[in-house]
Amino acid sequence: MTRITLSTGASAWMVTRYTDVFQVISDQARFSSEAAIDGPIPVPMPEGGFPPPRPGFFSTYGPREHGRVRRMLNAEFSARRMREFLPRVETVVDDCLDAIDRLGPPADLVADFALAVPSRLFFELLGIPESDRPGLLSHVDMLLDFTADPQDQAVAFGELDTYMSGFVGECRRRTVPGLVGRLITSHGAELSDSEVAGIAAQLLLAGYATTSGTIALGVLLLLYHPDQAAALRDGSADTDHAVEELLRHLSVVAFGKVFTAAEDTTVGGQKVRAGEYVLCHLPSANRDRDLGPGLDRFDISREPPPHLAFGHGPRHCLGAELARMEIRIGISRLLRRFPGLRLAVPFDELRFTPMNAAYSVESLPVAW
Ligand code: HEM
């Protein structure tokens, strides 16, 4: 654990060891995440700070309110619901692969696949009409980009909010298929319109860029480990183990929220005072030597060590099962369809996105 200064000038503790990160993210009583949106997050702050936490942004709610919303949403992302959704995932993956095949090389594996598959599936899951999706995609892009102009972000947020409020109104007036419509049918009396709009916006912000980054970087990683790609292609590797290794090794969400210590406490032998900020570095925790040897290496054949790529505890990633399914089906079908897949540009020309809420690569030109 080390002391750092955030770009806002505030000091914080940066926690890097697995056991310590596990302690912080599991303990809602001692580490509050309610400062998540208006706290000193390590990004340029708009003048006057971020707006206060929005209704519906449940990851910033206190434990009781957070639990209330999570209970409404958990069934939507349960393993059973995801099994029902599996045929759609397969169809969308195959559609995108068909389109890539039809157009011929080179293809941009980010736009045409890694982003196309999870975004299309997620919009579908929410019930958002196809014609509205491109505008929303660009707002979400802007909001997840830490280098974007804060004023532009405020505009994007406003437009996302206006759209979601209109969509919620529509779902109140008539039956609209999808998660938002179902949320209103089942819990409409307990939730205000602005809360449902906030929930939908929060889901959209969390729901595809992370999976997209893992697929894009995962494919790149496998291109540099052809023996492991071959094992996935010929079925000799365990695809579930491979997905866990990709999630662990890539850990595309580097930091979760900024936590505030609610009382004096100790983390990794270091005293943390009430009111101090704590950040958890998930990629570092996921390579901790205490979990086993050689975790800097990517190796899909290892017995998966535990990892915190989806966080842990009551705020464990809501979409973990969806993400796992998309990564597993997406990557294994892509490798089988294009056995000769290769980078179409030198590695040095790739541009990565470290200043984004989800680490990825801007584009991934490939040929086959
Ligand atoms: C590879 C893909 C993904 C990764 C690596 C990932 C990672 C994470 C992490 C680390 C957290 C905890 C963040 C924190 O404590 O601040 C989280 C929370 C969350 N994730 Fe994901 N996620 C992924 C995909 C998804 C998908 C597909 C959804 C779609 C629903 C989703 C929805 C959420 C939500 C709503 C939360 C907040 C949960 C809460 O506060 O109760 N994520 N995710």
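## Helix packing and a ligand shell

Helices α6 and α7 are oblique to each other, oblique being what is left once angles under 35 degrees count as roughly parallel, over 145 as roughly antiparallel and 65 to 115 as roughly perpendicular. What we have here is a predicted model, where local features need pLDDT of at least 70, side-chain atom pairs count only at pLDDT 80 or more, and totals for chains, interfaces and linings use all residues. Residue numbers start from 1 along each chain as its sequence is written. Helices (H or I, at least four residues) and strands (E, at least two) are DSSP runs, numbered from the N terminus.

### Helix pairs

Two packed helices are described by the angle between their axes and the distance between the axes. The axes are lines fitted to C-alpha atoms, for helices over the stretch in contact, and angles run from 0 to 180 degrees between N-to-C directions. As for handedness, a crossing is left-handed if the near helix is turned anticlockwise from the far one by less than a right angle, and right-handed if clockwise.

| Helix pair | Angle between axes | Distance between axes | Handedness |
|---|---|---|---|
| α6 (133–144) and α7 (150–173) | roughly 140 degrees | within 9 Å | left-handed |
| α8 and α9 | about 145 degrees | 11 Å | right-handed |
| α3 and α14 | about 35 degrees | 9 Å | right-handed |

Now for who touches whom, with contact meaning that the C-beta atoms of two residues, placed from the backbone, lie within 7 Å. In the α6 and α7 pair, L136, H139, M142 and L143 come from α6, while α7 brings D152, Q153, A156, F157, E159, L160 and Y163. By class that contact holds seven nonpolar, two polar and two charged residues. The classes work like this: Ala, Val, Leu, Ile, Met, Phe, Trp, Tyr, Cys and Pro count as nonpolar, Asp, Glu, Lys and Arg as charged, and the others, Gly among them, as polar.

The contact of α8 with α9 is made by V180, L183 and I184 on the α8 side and V196, I199 and A200 on the α9 side.

For α3 and α14 the list is A79, M82, L86, V89, E90, V93, D94, L97 and D101 from α3, meeting E321, L322, M325, E326, I329, G330, R333, L334 and R337 from α14. That contact divides into ten nonpolar, one polar and seven charged residues.

### Residues around α8 and α9

In α8, which covers residues 179–187, L179, V180, G181 and L183 are buried. Buried means that 20 or more other C-beta atoms lie within 10 Å of a residue's own, exposed means 12 or fewer, and partly exposed is in between, with C-beta atoms placed from the backbone. The buried residues of α8 pack against α2 (63–74), α5 (116–126), α7 and α9.

M72 sits in helix α2. M72 counts as partly exposed because it has 17 C-beta neighbours inside 10 Å. Setting aside neighbours within four places in sequence, M72 is in contact with L183 and H187.

L204 belongs to helix α9. L204 is buried because 23 other C-beta atoms lie within 10 Å. Neighbours within four places in sequence aside, L204 is in contact with L126, L136 and V140.

### The ligand shell

There are 26 residues around the ligand, and S59, G256, G311, C317 and G319 come nearest. The elements giving two or more residues to this shell are α9 (193–207), α10 (209–223), β5 (255–261) and α14 (320–337). The biggest share comes from α9, with four residues. Sorted by class, the shell has 14 nonpolar, nine polar and three charged residues. A residue is near a molecule or strand if its C-beta atom, placed from the backbone, lies within 6 Å of it.

The peptide bond from P105 to P106 is cis, with omega near -5 degrees. P106 is in the loop between α3 (79–103) and β4 (107–108).

S251 is not a glycine, yet has a positive phi of about 35 degrees. S251 is found in the loop between α12 (239–250) and β5. With 21 other C-beta atoms within 10 Å, S251 is buried.
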